[in-house]
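Hello,

Here is the structure we talked about handing over. My notes on it follow below.

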Amino acid sequence: MKRFSQLALPYIAWAVLMLVLPMGLIAVYSFMEHGNSVIPFSFTLEHYVTFFTDPDFLLILWRSIWIAVKTTLLCLLLGYPAAYFIARSGEKVQNILILCITIPMWINMLVRTYAWIGLLSEGGLIQQILSFFGLGDVELLYTEGAVLLGMVYNFLPFMILQIQTSLSKMDNSLLEASADLGATPRETFRRVTLPLSLPGVINGITLVFLPAVSSFFIPKLLGGGQYFLIGNMIENQFITVGEWNFGSAISMIMAVIMMLLMMLVRKVEVRNQGGKEE
Amino acid sequence: MKKGNRSFGKILMAVMILFFYLPIGYMIVFSFNEGKSLTSFTGFSLRWYRHMLESGDMMEALYTTFSVALIATFVSTVVGTIAAIGLSKSRKIVRNLVEQVNNLPMMNPEIVTAIGFMLLFITFRVEKGYMTMLLAHIAFCIPYVMLSVTPKIRALDPNLADAAMDLGATPWTALVKVIVPQITPGIVSGALIAFTMSVDDFIISYFVTGRGVKNLSIMVYTMSKRVNPSINAISTLVVVIITLALVLINVVPLIAARREKQENTRKRRVLPWAAAAATAAVVLTVVLKLGGGSLDRPFEGQTLHLYNWGEYTGENILKDFEEATGASVIMENFDSNEQMYIKVANGESYDVLVPSDYMIQRLISEDLLQKLDPELINCMDLLTEDVKNLPYDPGNEYSVPYFWGTVGIVYDKTKVDEKDLKEQGFNIFLNEKYKGDIYLYDSERDSFMMALKALGYSMNTENEQELQAAYDWLVQCVQTMEPEIVTDEIIDNMAQGRKALGLIYSGDATYVMAENENMGYYMPETGTNIWSDAMVILRNARNPKLAHAFINFAASYEGAYDNSSYVGYTSANQEVMDTLYGEGGDYEGLNSYMPRSGNPMDEVFVYNEKTKQIISKLWSRVKIAASNA
């Protein structure tokens, strides 16, 4: 019996090597003066100071968070009604709809984003449709709108699936009970359905916000080379500038911000569950 | 009210599904397009499929994607299941700790995880390539497998294994015969998640790969700068494979369930898995079959690792070289000398590189190159005197020129007043008449070259005030002119006439002008960069002999002609240059094809460590300013 616990030992060693150590290395690099070799190590806070004292960097960080917030809100706004509709459908329809939403997720993200380039570029389908309505001269590709569209497109399925899962777990007799007790459909939704779907909403928000804030290929493909988010800044430091120490510092900053946000979200979740049990 | 909600829901669902499938459908349609355009459909053709099948690169990427995914799924499923079982019997504190650690790749932004892996491999000097990609994939897949297996284990009766062992089973038998069958659904869904994650992965793969190993995502990312309908073709192929697999997974059990009403859950759950595996196996064999063919050739079975600029080789040269020598070529592309340098300086091994003049000087001074073996080089006499014996490598001890040219302004004759160009030179990029209608090129050296020349300074200045002035010039440009900062995208976009002006390399201008007669190329009188790119062999090259053979091949008439006629850059091969520029040549009389001589303001880049660092930092600031503008 106890012998089974030894089965975990190799994995623990592996996890230390492959999951913990890399994070440790980023931390070490971020506090290191210059150069790409760990020895000799000389401690500095320079990279963090550079980041936090420069309005341009802070603006990029802010813009990355802001566009991720917008993406998340849009996904929630579009995803919730969709998930609700799916969850309220019969089992067969439900399965088909879920399949419809899952299939695109299986197709490579880069490929799907690339397809938008043709759709959005000058003379492309979208512009032709817009010009039909007399809006022909709008530039679409390489704008912030295109980036937002790309993000919503890529991450919306996560939101729908998460909310749908938690909605379909809900016991229908709860709704009947609520109606029997005299609640209007609106009240039922607000006081029964919505609170019960909250775990799904929170999971959905996490799954959308996290990749949106750090994405760098969506801004690069749809926003063009002059559109920089924090993810592009990290990529740039590692791939073209070669300032790995500074790049590591930005990575650390981003990881810490994300961790704090996740803890906050968890807290909301816990409080909500506490409320439910009362 | 309820009815109203339903129909609203139906409309929403319909629009949403249209939204999800629109790009996919568009891609499929345009994969059959006869022309190169991504916006207008000119006729049905299978040419992009042919192109895809002929391109070893694409098939290789497909193979890498699926082989990495299958192996990573298998390993992570086995390891993850075993670890989850072990952990369920471990002490609580250990369990919680591992759970926290497993959260790292799931809760961290993916780019942070990716950089962690990259630093890990580089710190421990593990050569980046297929193995590192596989290891990273296994590492980020295991936590997902464990996440889906663990609840199933928790739901098991803890006495089950004991009971089995009391009845005489060995621990191993108890594990395989009792526990695993009970948690199969969790294992299967874990495996499916792992497979999806791995097939779809870009960010982690991108940072941990090396030596030209690419999966589909990396390929699309590096190729997407120019219109390339083959991407649509290969994407369509992927769509077909995935859809088939998914349909099999979803439909087969439905049919099975209908046929025999009585439940046999286990069989049902195994079926989709088997179906997915079978599909994948078919794909793999198809892909693998495309390799092969063997004759008696000098480098049979050997591999050349080539690290070259994007869009810098002809259509046939690599294939011809492979056929002639029996070797296979793996090419990786870079966007800038700086990007290439970082990889090379971190010890990645390539056989042949094609850097620019100043970068060759730097690589020589840092002892990263090996001297060419004069016995093995037989092509020097074919090259034009203009590019031999240049200051970056006197006597060409290390390098054999490949392409050369200038930097200038590509402009749309119908939109740009040529008088503006003549009077303002590079300062035309500050002329608000052309606001929102210009491209800048994402190259730190040449952007600063442009600014310095516009201000009348030398592009090799070491004066920090002049560099600062150039920085201010560029910031003013990005803040007032709404430029788009591009790399190879400029080629197709200018050929389509999308903007009025752009900073461009002469070779790209040649291509643009050959495609669109409204386009012109102008070199400001205040001088420009006369550059040359040359082939060199890295000190840590694995196969220097083959590298020499490739250099000779690329410099020979056939190789150089294919390269130059296809991409538009000026060949270093004298005869090729004369043929293409002369009467009846592809680029007859185009001023961009024949680099300017005789302007005393024209310069060649010289490498200087200190200015390089300043420029590098300032250029990334310019881009940030552009983004925040």
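In this predicted model, strand 1 (residues 303–309) and strand 3 (residues 352–353) of chain B run parallel to one another, paired over 2 bridges. Within that pairing, B:Tyr307 sits opposite B:Leu353 of strand 3. In general, strands of a sheet are joined by backbone hydrogen bonds, in either a parallel or an antiparallel sense.

Both strands belong to an open sheet in chain B that has 6 strands, in the order 2-1-3-10-4-11. The pairing in this sheet is mixed. Its edges are strand 2 (328–334) and strand 11 (570–571) of chain B, each of which pairs on one side only.

Chain A is built otherwise: it has 12 helices and 0 strands, so the pattern along its sequence, by the DSSP runs used here, is α-α-α-α-α-α-α-α-α-α-α-α. The C-alpha trace of chain A spans about 75 × 70 × 35 Å along its principal axes. Of its 278 residues, 45% count as buried. Taking contacts in chain A between residues at least 6 apart in sequence, 71% join residues at least 24 apart.

On the interface: 80 residues of chain A are in contact with 83 residues of chain B. On the chain A side, the elements that give two or more residues include helix 3 (55–88), helix 9 (185–214) and helix 12 (244–277). Helix 1 (9–30) of chain A is also on that list, and gives the most, with 12 residues.

Two backbone angles may be of use if you check the geometry. A:Tyr142 has a positive phi, near 60°, and is not a glycine. A:Tyr142 lies in the loop between helix 6 (125–132) and helix 7 (144–168) of chain A. Is A:Tyr142 buried or exposed? A:Tyr142 is buried, because 22 other C-beta atoms lie within 10 Å and the cut-off for buried is 20 or more.

B:Arg125 also has a positive phi without being a glycine, at about 50°. The loop that holds B:Arg125 runs between helix 5 (110–123) and helix 6 (130–154) of chain B. B:Arg125 has 8 other C-beta atoms within 10 Å and is therefore exposed, given that exposed stands for 12 or fewer.

Regards

How values were computed
Residues are numbered from 1 along each chain as its sequence is written. Chains are lettered from A and ligands numbered from 1 in the order in which they are written. This is a predicted model: local features need pLDDT of at least 70, side-chain atom pairs count only at pLDDT 80 or more; totals for chains, interfaces and linings use all residues. Two residues are in contact if their C-beta atoms, placed from the backbone, lie within 7 Å. Helices (H or I, at least four residues) and strands (E, at least two) are DSSP runs, numbered from the N terminus. Two strands pair if DSSP finds at least two bridges between them.
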